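Student: I'm new to this one. Could you show it to me, and then I'll ask how you know things?

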Amino acid sequence: MPKLLVHYSQPSQPDQPLVPGVQKIVRQANGSIRLVEASQGSLLLAQLSLDQRGLWLQVAAGVRGVHVNGRPVKRMALLRAGDAVYVEGVELLIQGEVDTPMLPPSPQAAVQSDEPRLLRGVGGPHHGRGYPLHGPLLVGRSSEADIEIDEPAFADQHARIESHGERILLRDLGTGEGSRVNGVAVRHCWLQGGDQVVFDGQHRFVLELPDDPRQRPLPTEEFVFNDVDEAAEPQAPRRVRRWPWLLVSALLLAGVLSLLLWFGAR
């Protein structure tokens with residue numbers, strides 16, 4: 001099970017580790033958004049569940065305005081390290097583990113691997129696009145970049161993703177802002193399958209490797225959480241269409257009256 005923690009956009013809130021089980025996102029009486037184990041005396045907004053299947057977010061019934069990476073979530077969402085959860089204007093950044101080298105290998109040592117590797121866009125203009133790592137991938141604003149990010153403040157050559165045998169390196173090319181891997185600000189970083197890389201805050205990519213255990217098919221069954229579904233809206237009763245039966249009954253009654261009048265007249 002990965003080690004994850006929640007980093008708040010509010011500077012007064014310290015980072016909180018995510019533990020296996022359910023933790024609730026609440027609004028406290030003073031208006032602050034917190035992650036707690038019990039929601040007594042606070043307004044329940046959503047909750048996080050961490051287990052062997054991953055990290056899940058479930059929004060409380062009737063709550064609106066919860067987003068993950070800028071996209072609204074009405075009920076549930078599967079989270080990964082590096083995702084940004086927005087609740088009532090507060091960002092809860094899910095941070096994971098990263099492997100940052102003290103001294104990255106020289107670019108000349110980069111070698112091409114025959115193993116299929118792919119950097120897939122999961123957010124921003126590159127969403128859904130895949131970039132095979134047949135060789136080094138240049139990330140930048142330049143038109144010569146393999147992954148072009150057209151942002152005014154973005155460097156022409158921001159970073160390069162290189163294969164070094166069995167390992168993959170994210171190399172910073174001297175920019176001031178660096179990048180984020182699994183929600184952690186880095187300059188140089190070794191990447192593993194399932195790691196989420198974010199450039200310029202909104203351009204999100206995930207490294208996909210073959211036979212990676214972190215890329216298992218998602219479970220199809222739905223989670224059942226305590227407290228969240230208690231306020232679920234009741235289902236409207238099923239409406240029965242009765243007018244055909246009334247019409248048939250009226251016709252039968254009219255037929256009976258017609259027979260009585262016919263025989264009575266005779």
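Student: Which strands each supply at least two residues of the lining of the second largest pocket?

Tutor: β10 (84-87), β11 (90-95), β18 (179-181) and β21 (196-199) do. Strands here are DSSP runs of E with at least two residues, helices are runs of H or I with at least four, and both are numbered from the N terminus. This is a predicted model, where local features need pLDDT of at least 70 and side-chain atom pairs count only at pLDDT 80 or more, while totals for chains, interfaces and linings use all residues. Residues are numbered from 1 along each chain as its sequence is written, and side-chain values use heavy atoms, leaving out hydrogens and water.

Student: What makes the second largest pocket lie between domain 1 (4-96) and domain 2 (118-208)?

Tutor: Both domains give residues to its lining, so the pocket lies between them. The domain bounds come from an automatic or database domain assignment.

Student: Which residues lie nearest the centre of that pocket?

Tutor: Of the 16 lining residues, S179, R180, V198, D200 and G201 do.

Student: Why is H158 called buried?

Tutor: Buried means under 20% relative accessible area, exposed is over 50%, and partly exposed is in between (1.4 Å probe, protein chains only). H158 has 0% relative accessibility, so H158 counts as buried. You'll find H158 in the loop between β15 (147-148) and β16 (159-164).

Student: What makes the link between the side chains of H158 and S179 a polar contact?

Tutor: The distance is 3.0 Å. A polar contact is a pair of N or O atoms within 3.5 Å; within protein, one must be able to donate a hydrogen and the other to accept it, and residues adjacent in sequence count only if both atoms are side-chain atoms. S179 is also one of the residues nearest the centre of the second largest pocket.

Student: Why does H126 count as buried?

Tutor: H126 has 6% relative accessibility, so H126 is buried too. H126 sits in the loop between β12 (118-123) and β13 (130-132), and a 2.8 Å polar contact joins its side chain to that of Y131.

Student: Which residues does H126 touch, leaving out those up to four places away in sequence?

Tutor: Among them are G121, I147, H203 and F205. Contact means heavy atoms within 4.5 Å.

Student: How much of the whole protein is buried?

Tutor: Buried residues make up 39% of the 266 residues. The protein has one helix and 22 strands.

Methods. 1 Å grid on protein atoms, 1.4 Å probe; cavity = no way out; pocket = protein on both sides within 12 Å on 5 of 7 lines; lining within 4 Å.
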